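Here is a short tour of a protein model, written for someone who likes to know the cut-offs behind each term. Please have a look at the sequence and the fold before reading on.

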Amino acid sequence: MTKYDESEVKKALDKKAAYGSDIDLERYDEGDRDVEQIEDIRETPEELRKRMINVGVDTDDSEKEGTILFIDNAMSHCSNKAQEGLIIMSTQKAMETYPWVRDYCWSAMDPTKDKYTAKTFEENSDGYFVYVKPGYHLKMPVQTCMMLAKNKSIQNLHNIIIVGDDASCDMVTGCTTVHHANDALHVGVSEMYIGDNASLSFTMIHSWAEQTAVRPRTNVIMGKNSNYVNNYVVLDPVGTIQSFPNAYLNGEGSRCTFNTMCIAHENSNIDTGGCAYLNGPNTGAEIVSRNISYGGKMIARGKLVGNAPGAKAHLECKSIILKDGGITHAIPELEASCSDVDMTHEAAVGKIAQDQIDYLMTRGLSEDEAVSMIVRGFLVGGIRGLPANLQSEIDSAIEKANEGD
């Protein structure tokens with residue numbers, strides 16, 4: 001925590017983010033740090049259980065390696081079934097228990113990045129710590145759930161994920177609001193480290209409330225021949241989201257994929273994307289987004305930076321407007337500082353073709369059913385590299401969104 005000048009961090013408390021609408025942090029109280037403790041996740045209260053299931057987090061954890069539940073700013077539940085190769089606990093506890101964890105704290109993320117990272121640093125915020133030991137391959141996913149339960153509050157979390165050399169892990173993170181926490185702010189700073197020949201699949205399913213503000217901050221450091229897949233899914237109404245994770249492909253032969261799937265409902269303002277820095281030789285990246293506007297504003301960003309020979313990458317943004325008044329904006333960027341790179345991009349905005357709807361209606365579907373089927377196919381087409389054991393959770397989230405419309 002001494003790697004940064006405290007005075008510079010304090011100055012950054014007034015620093016606006018590079019993208020997205022500015023949020024007045026003074027509007028929110030600090031989230032609770034004294035929350036209900038749930039010993040057995042299967043005995044989660046019904047209201048919380050429903051919200052968890054809606055974002056892909058199952059209270060029947062028989063097919064999960066571990067489960068973490070955060071309510072506001074404190075851990076409510078933590079269980080680990082893969083004792084041999086997995087360590088999970090709160091970030092603060094991890095730093096107390098394993099002093100070496102401090103070497104990773106604020107090493108991937110600069111706390112002066114903007115007001116959200118600065119506040120997380122200043123508050124010495126807690127979060128979750130996940131460590132997969134070298135050589136260990138988790139057979140089932142680790143699941144985490146971040147809940148906002150207090151209205152007019154800010155949830156400040158600092159997460160650290162480390163996947164050791166020659167190890168692998170699938171994670172599902174569901175984020176949601178409960179009770180009456182409609183007008184609240186979620187800030188999640190996540191630092192991820194993927195070792196040599198290691199892989200991490202990280203799937204986020206978010207379901208917020210119509211006034212919720214969401215500002216995640218994620219940086220990923222990748223080793224040699226490592227692989228990272230980032231799936232980001234937002235299908236329900238939300239106030240404002242601004243998310244732009246960065247992957248640093250420092251190791252030779254490393255590869256990353258960003259998949260974004262969003263529906264911008266009326267009055268929602270969503271600004272998402274991802275950036276891959278191809279710093280090592282023969283690295284590869286793909287950024288794919290599938291977005292739909294039902295009257296809301298949707299900005300899809302993507303940036304590829306080729307800094308080493310043999311780098312290959314592709315960026316693809318596709319959007320559909322289904323309701324007048326909706327706005328979509330695709331912003332693809334390619335940047336290179338080396339001659340031996342191969343990077344491409346494509347972007348498209350359109351509508352559902354009437355002939356597709358007509359064809360499905362001739363097969364016995366109603367117009368609404370036809371549109372729903374086309375929407376599902378369009379969104380699913382944006383998710384690549386998703387582990388088979390997570391596909392059903394994504395499918396379920398899409399079905400819920402379609403039913404809601």
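## A loop to start with

Where is Lys-139 found? Lys-139 sits in the loop between strand E5 (128-132) and strand E6 (142-148). Strands (E, at least two residues) and helices (H or I, at least four) are DSSP runs, numbered from the N terminus. With a relative accessible area of 76%, Lys-139 is exposed; that word stands for over 50%, buried for under 20%, and partly exposed for anything in between (1.4 Å probe, protein chains only). The C-alpha atoms of Lys-139 and Ser-168 are 8.8 Å apart, while 29 residues separate the two along the chain.

Before going further, please keep in mind that this is a predicted model, in which local features need pLDDT of at least 70 and side-chain atom pairs count only at pLDDT 80 or more, whereas totals for chains, interfaces and linings use all residues. Residues are numbered from 1 along each chain as its sequence is written, and side-chain values use heavy atoms, with hydrogens and water left out.

## Two helices

In helix H2 (residues 46-54), the buried residues are Leu-48, Met-52 and Asn-54. They lie on the same side of H2, because they cover an arc of only 160 degrees around the axis, taken from the directions from the helix axis to the C-beta atoms. As background, residues three or four places apart point the same way because an α-helix has 3.6 residues a turn. After H2 comes Gly-56, with a positive phi near 80 degrees.

Helix H6 (residues 367-380) holds Val-371, which is partly exposed at a relative accessible area of 21%. Leaving aside neighbours within four places in sequence, Val-371 is in contact (heavy atoms within 4.5 Å) with Ile-352 and Ile-357. Ile-352 is 19 residues away from Val-371 along the chain, and their C-alpha atoms are separated by 7.9 Å.

Which loop holds both Asn-267 and Ser-268? Asn-267 lies in the loop between E15 and E16, and Ser-268 is found in that loop between strand E15 (255-265) and strand E16 (269-278). Asn-267 is exposed, at 70% relative accessibility, whereas Ser-268 is buried, at 3%. Not counting residues up to four places away in sequence, Ser-268 touches Pro-237, Val-238, Gly-239, Gly-296 and Lys-297.

Asn-267 is not a glycine, yet has a positive phi of about 75 degrees. Asn-225, not a glycine either, has a positive phi of about 55 degrees. Asn-225 is placed in the loop between E11 and strand E12 (227-234) and counts as partly exposed, at 39% relative accessibility.

## Nonpolar cores

A nonpolar core here is a set of buried Ala, Val, Leu, Ile, Met, Phe, Trp, Tyr and Cys residues joined through side-chain atoms within 4.5 Å. The largest has 56 residues, and those that touch the most other members are Tyr-128, Ile-161, Met-171, Leu-200, Phe-202, Tyr-228 and Cys-256. Another core, of 30 residues, lies apart from it, with Ile-38, Ile-205, Tyr-294 and Leu-379 among them.

Beyond its neighbours within four places in sequence, Met-171 has contacts that include Tyr-128, Val-130, Val-142, Ile-161, Leu-200 and Phe-202.

On a 1 Å grid over the protein atoms alone, a cavity is a set of points where a 1.4 Å probe fits but cannot get out; a pocket is an open set with protein on both sides within 12 Å along at least five of seven lines, and lining residues have an atom within 4 Å of a point. Points are joined across faces, edges and corners, and a volume is the space filled by probe spheres set on them. There are 3 cavities of 30 Å³ or more, and the largest cavity has a volume of about 130 Å³. Its lining has 15 residues, and Asn-159, Cys-175, His-186, Ser-190 and Met-204 are the closest to its centre. Strand E9 (185-194) is one of the strands that each supply at least two lining residues, and E9 gives the most, with 4 residues.

The largest pocket holds about 320 Å³ of space. Of its 23 lining residues, Tyr-19, Lys-113, Gln-242, Phe-244 and Asn-246 are the closest to its centre. E11 brings the largest share of this lining, 4 residues.
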